[in-house]
Number of protein chains: 2
Amino acid sequence: MSSKTNPARGMRDFLPADVRKRNYVINIIKEVYESYGFEPLETPAVENLETLMGKYGEEGNQLIFKILKRGEKLAQSAGSSPSERDESRILNELSDLALRYDLTVPLARVVANNKNELPKFFKRYQIQPVWRADRPARGRYREFYQCDVDAIGSTSMAVEGELISAVSVILKRLGFNDFVVRLNHRQVLADILDTAGVPSELHGDALVAIDKLDKIGPDGVASELATRGVSDKSATMLLEIFEHTQKIVSEGKDVNRTIVSNLINIVRDEVLTEIGQILRFAEGVPIQLDPSLARGLSYYTGAIIEVNVPDLPGSLAGGGRYDGLIGMFGKEQIPACGVSLGLERILVLMEERGMFPPEIAESIPADMMVTVWSEETIGESLKLANDLRGEGIRVIVYPQADKIDKQFKYAKQIGVPFYCELRETAGAFALKNMRTGERHELTAAAEVAAIVRQKDHKAEK
Amino acid sequence: MSSKTNPARGMRDFLPADVRKRNYVINIIKEVYESYGFEPLETPAVENLETLMGKYGEEGNQLIFKILKRGEKLAQSAGSSPSERDESRILNELSDLALRYDLTVPLARVVANNKNELPKFFKRYQIQPVWRADRPARGRYREFYQCDVDAIGSTSMAVEGELISAVSVILKRLGFNDFVVRLNHRQVLADILDTAGVPSELHGDALVAIDKLDKIGPDGVASELATRGVSDKSATMLLEIFEHTQKIVSEGKDVNRTIVSNLINIVRDEVLTEIGQILRFAEGVPIQLDPSLARGLSYYTGAIIEVNVPDLPGSLAGGGRYDGLIGMFGKEQIPACGVSLGLERILVLMEERGMFPPEIAESIPADMMVTVWSEETIGESLKLANDLRGEGIRVIVYPQADKIDKQFKYAKQIGVPFYCELRETAGAFALKNMRTGERHELTAAAEVAAIVRQKDHKAEK
């Protein structure tokens, strides 16, 4: 049993130092997406159960957190005989609501529900938590944030280009300089499978196997292909194609061009044209074609995108084009393409690599602390603090009369870069730079503000 | 039955225009709280059921959204005989988790759980949604945001002073200039009740009645006091005291001072000293003493605070000192004082009064839109857009080749203040100010950026 004061299993409290780091990353993500004209969307944490059930496969259904019916509704349901243990019946009798499981289904629902209010090309980003009743493990939580960005309504590769470019700008601004955007196209996979003689009803199975190439290697994939009913001949041909690509990558010269020219006889022209467009529209981004990239999701219809860094087994971001999904709640199909950033992984990596700027890494609660001389002069300390806030300085006032050495110790403990000691005489104070030890005897708030602003802790790093 | 694409009952989707307004208000709240050294805290949406049950009274227990157990756990529970309809047994058998109901219980849990990591004086703000299975009504939602700010660890009135001052700065920065902070003290109420001869075991009941003075008037309160067992003599005396205060307020001269001097014979000195300190420490804030303010909550131990504006029946913010609550999960009592801002009400009022700045009110998705001349030149449009983003301009690119008048119409529809038409000749474009109609023929991104930055839509208002 967990202690009574722990958060629920698989969930986390974010103390101020955590929130600062999370917000630092989230704010950069928002700023960049907004610079591309992506608009913010927020949906409720709670959805109708029927909105979510059946959208994430059988395993997904199990992992959805369901909410118990309330009051009378529950009494009625619980009064009938769930002892028959028909699971879906129990569920419908006891539950009518559920927690958001991802951000794509709510997006599809919102698009269907607001056809007339939303622009024809709806570019939205959404950064909100989702909940999954997964078994918690290292790095796997039951509440975690998704950062989705999707462009709806256009089939042009300009969309893919902008999405890749925006994700790349975000990662660069966060300080990543060793990421690679891997790019593939669902149709490349289909054409390769056709060429290798894999019958179309086995394409899905074959893709699941191919997707593991990185993890289990060619032999592993070969045996998995065999298990899944793909002939030896087809499997050998497939692996040859992918190994040839890897050889091109390892030679490292004109990689994308060479890969494309190798695919000319396998993949139909219009798909290669689309790939060429994406490469052109996302110019300047480190993109590498990877004809084996499948990302396990069957709903991709065009581009498939994944962003990797060398020291992370998983990906920092992933996505692609899914022209058949957004229409799930409506009558018409709506083209769409999107990318999801792995916020939790980005945070872990930035922590490991020490990538946060000093003020964030050190979790500084304010620019300075003002002391309190005595019970009678608390008002003077508060007044000075308010004057400084008026000058844009973030100020903590020690919240009660206390021995001055206790106040100084507290200032050191919370890590404020400046410490301002009020003297017995009204309007006299000593300002101390906690890093350099430099001291100033001052008499006006404006003087204090000038020094804090000028020689702030960042400038000294 | 609701349509399949609606959000769940009592919940809301926030489209981009809504999110912009909400974030505008939330960002100002955060900025001001941080200028006072309040630190951000976030807790999970989901808590252990036992953490929440019994903390909000019997009615609260009913309104908590409970989450169904998963998989095997559920099968075991549902297999036993909930048909016996013992409600709390059904609950424990079927549910182990629940949705956050407020931000105070999670704060108390976090404080108990992180005693050694948190500073002695923990000043935190928390802006997150909470969920209540209330019957939805106009302005009452099942998912809504709370904005709590609390200072933990000090009994000094400096805390009350800073909290009131911070809330006042926030409301002023949002544009409210007609709010009044009503202030009372739990001990003032207690001493008045003692003076009027209400026995202490009836204090709680009497406070519930007095709290309704604004709504049901003196006669209503008198009859409610009678129902609750307060003698006629005591009731008359109580109402005289409060009516006398209202007379002082209506005369409007030196109100707080006059009220205090009228309370000198009723309320003990140390309480009047505390009130005097709060008035002094929050200097400059429009505060009005109100000895009848009770806020219905039994857990207040000191100051009671409420912020009102004339055209709103409820309050914009409320709070007080509750020295007995934060210790609920630990062994020691921890002094605390906090205020909660009514975000949803603030938003409604700002909408009604037209208080949002133009860019927020008009929900502008970007500073400008760049057109696409043809399929072949999409790359040029994307390049220009990236150059402009590098200059800090937010740019939407029309996401596909299309007739130019359709592109112009789209720019008008989404409300971008500038429109940049790419010409057939590479590097030639026409920039149009959509408000003034002014046009410029330009050849460099820097020229475009300079005009957009200089004559931006805000400057023209």
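In this predicted model, R109(A) forms a salt bridge with D13(B), in which the closest N and O atoms lie 2.8 Å apart. Between chain B and chain A the count of salt bridges is six, and across the interface of these chains there are 36 residue pairs in polar contact, both members at pLDDT 80 or more. Helix α1 (residues 16–35) of chain B supplies the largest share of the side of chain B that touches chain A, namely seven residues.

The size of an interface is often given as the accessible area lost when the parts come together. For chain B and chain A, the area buried between them is about 8,100 Å², with 57% of it on carbon and sulfur atoms. The contact draws 102 residues from chain B and 103 residues from chain A.

The nonpolar cores can be set side by side as follows.

| Core | Residues in core | Among its members |
|---|---|---|
| Largest nonpolar core | 107 residues | M368(A), L388(A), Y33(B), F176(B) |
| Another core, apart from it | 106 residues | I127(A), L272(A), L384(B), L431(B) |

The members listed for the largest core are those with the most contacts inside it, and helix α7 (residues 157–174) of chain B gives the most to this core, with ten residues. One of the listed members, Y33(B), touches F38(B), Y125(B), V149(B), A166(B), V167(B), I170(B) and L341(B), when residues up to four places away in sequence are not counted.

Where does W131(A) lie, and is W131(A) buried or exposed? W131(A) belongs to strand β5 (residues 122–131) of chain A, and it counts as buried because its relative accessibility is 1%, the cut-off being under 20%. Leaving aside residues up to four places away in sequence, the contacts of W131(A) include L63(A), F65(A) and Y101(A) as well as A45(B) and V46(B) of the other chain. The side chains of W131(A) and E143(A) are joined by a polar contact of 2.9 Å, while the C-alpha atoms of W131(A) and F144(A), which are 13 residues apart along the chain, are separated by 6.7 Å.

In helix α17 (residues 404–414) of chain B, the residues Q407(B), Y410(B), A411(B) and I414(B) are buried. These four lie on the same side of α17(B), because they cover an arc of only 100° around the axis. The other side of α17(B) carries the exposed residues D405(B), K409(B), K412(B) and Q413(B). Among the elements covering the buried residues of α17(B) are β12 (368–370), β13 (395–397) and β14 (418–422) of chain B. Just after α17(B), G415(B) adopts a positive phi of about 80°.

Methods: Residues numbered from 1 in each chain as written. Chains lettered and ligands numbered in written order. Predicted model: local features only at pLDDT ≥ 70, side-chain atom pairs only at ≥ 80, totals over all residues. Heavy atoms only, no water. Buried < 20%, exposed > 50% of the residue type's maximum accessible area, 1.4 Å probe, protein only. Helix = DSSP H or I, 4+ residues; strand = E, 2+ residues; numbered from the N terminus. Arc of directions from axis to C-beta. Contact = heavy atoms within 4.5 Å. Core = buried A, V, L, I, M, F, W, Y, C linked by side-chain atoms within 4.5 Å. Buried area = accessible area lost by both parts, 1.4 Å probe. Salt bridge = Lys/Arg side-chain N within 4 Å of Asp/Glu carboxyl O. Polar contact = N/O pair within 3.5 Å; in protein donor to acceptor, adjacent residues only side chain to side chain.
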